[in-house]
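Okay, everyone, thanks for coming.

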Amino acid sequence: MEIEKSVVEFATEAALRYRAIARVRHDNEVPESFLRSHVASRLHDRFDCPVHVDRLFAAMAIDLGGPVTADLVTALGGYRADIAIYRDDRPFAVIELKVFDEVAPLPAIGVKLDKAKILARVAPLQLFVGAMICPIVLSLEARIERLHDAVGGNMFVGERQPSRDGRWHWCFACASIR
């Protein structure tokens, strides 16, 4: 749970920081690129290990030392992990971050998770999904529950944060994917 808690803490910090520096109207306007960079930097500070942003899955396959075949490279395509945490020059964790504010019942991260799961067949790799959960159509609690049901029981949910205008609340959650 250490990575999940850290992702939630740092992503919340990033969203609040972006709200302050950009003075956005809605908190969910934080760019995912800002989230990725801030979270990666803070993970490096906390765990004192290499952390990559937008790391190619194919490059990670090479770093894992497994057989890199044409089929594997084709399957991974040009997709990138939002964040890759390394230990001993090898990736051991991949984190996908998403602002979950669309009307869709679940965040659109399926393709990238599929690529990470392909990579996890090459060598052991922990997979995590972090999401800024916003109440669109459903309540915040209902969306948290829906995400929890989709990813399984290992999900850490952060403190509810009031929006800039105080009219709604959001939070971050992070789950390990098996």
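Before anything else, keep in mind that this is a predicted model.

Let's begin with helix 3, which runs over residues 57-64. How many of its eight residues are buried? Six of them, so the helix is mostly covered. The buried ones are Phe57, Ala58, Ala59, Met60, Ala61 and Leu64.

What covers those buried residues? On the strand side, the list includes strand 1 (51-56), strand 2 (80-87) and strand 3 (90-100). Helix 4 (70-76) and helix 5 (110-122) are in there too.

Now the rings. The structure has two aromatic pairs, and the one I'd like to show you is Trp170 with Phe172. Their centres are 5.9 Å apart, with 90° between the planes. Why do we call that edge-to-face? Because planes over 60 degrees apart count as edge-to-face, and this pair is at 90°.

Buried or exposed, these two? Trp170 has a relative accessible area of 0% and Phe172 has 1%. The cut-off for buried is under 20%, so Trp170 and Phe172 are both buried.

Last stop, arginines sitting over rings. Arg87 lies over the face of Phe92, 3.8 Å from the ring centre. There's another case with Arg143, which lies over the face of Phe100 at 3.9 Å from the ring centre.

Terms used:
Residues numbered from 1 in each chain as written. Predicted model: local features only at pLDDT ≥ 70, side-chain atom pairs only at ≥ 80, totals over all residues. Heavy atoms only, no water. Phe/Tyr/Trp six-rings, centres within 6.5 Å; stacked < 30°, edge-to-face > 60°. Buried < 20%, exposed > 50% of the residue type's maximum accessible area, 1.4 Å probe, protein only. Lys NZ or Arg CZ within 6 Å of the ring centre and 35° of its normal. Helix = DSSP H or I, 4+ residues; strand = E, 2+ residues; numbered from the N terminus. Contact = heavy atoms within 4.5 Å.
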